[in-house]
Amino acid sequence: MNVFEFLKNYLVQDATKNANGRNIAKHLALVFLIPKNSFLHSALNEPLLKLGKWCEKEDHPIEITSTFRTFKEQDILYQKGRTSPGSKITNAKGGESYHNYGLAADFKFVKDPHYPPSQSFLWKKVGQKAEELGLEWGGRWGDNPHLQYGEGKGIDWRILKAYFEGDSV
């Protein structure tokens, strides 16, 4: 059981007689929505927390499953289904993903963690809300659990990659 599930299942249940206790438990659950040491850019914190609160209100809580990845970690994911066993996970090589710059997060539904959820309308519902909050939703290009702060904000991974590799832009 993760921290989010603990807070939701135990603290909220124990606080049913006390409205303040319920609010504190819900707040703490949302604080743990974004993993510590995730190296997530601060621009994503507020929209992701707002999205988490909204999803909780809609009774479809989410949990962030992946944020920052090194170029090497991204390359390993890229190789799946190509040169290593498994299904293809990503079309982005190391340096080509907003995850590599702390500008992306993947999520799952807490109540239905399997991909895709049995109720696929949820992806679109949550994706549209994420867009309202200023994030780009990966469902627009077939990556439902992906959210990013990228091209729509004038941020291009190609420029970031060139900078990190020491190349001129």
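A contact means that heavy atoms lie within 4.5 Å. The structure above is a predicted model, in which local features need a pLDDT of at least 70 and side-chain atom pairs count only at pLDDT 80 or more, while totals for chains, interfaces and linings use all residues. Residues are numbered from 1 along each chain as its sequence is written, and side-chain values use heavy atoms, with hydrogens and water left out.

**Exercise 1.** Describe the contacts and the order of elements in the protein chain.

*Solution.* Begin with the contacts whose separation is 6 or more: residues 24 or more positions apart account for 56% of them. Next, read the helices (DSSP runs of H or I, at least four residues) and the strands (E, at least two) from the N terminus, which gives the pattern α-α-α-β-α-β-α-β-β-α, with six helices and four strands.

**Exercise 2.** Find which residues of helix α6 are buried, and on which side they lie.

*Solution.* First, take buried as under 20% relative accessible area, with a 1.4 Å probe and protein chains only; in α6, residues 157-165, this selects W157, K161 and A162. These residues lie on the same side of α6, because they cover an arc of only 135 degrees around the axis, taken from the directions from the helix axis to the C-beta atoms. Then look for their cover, which includes α4 (71-79).

**Exercise 3.** Examine what stands at the start of α6 and what follows α6.

*Solution.* At the start, a side-chain oxygen of D156 comes within 2.8 Å of the backbone nitrogen of R158. After the helix comes G166, with a positive phi near 80 degrees.

Conventions. Buried means under 20% relative accessible area, exposed over 50%, partly exposed in between (1.4 Å probe, protein chains only). A polar contact is a pair of N or O atoms within 3.5 Å; within protein, one must be able to donate a hydrogen and the other to accept it, and residues adjacent in sequence count only if both atoms are side-chain atoms.
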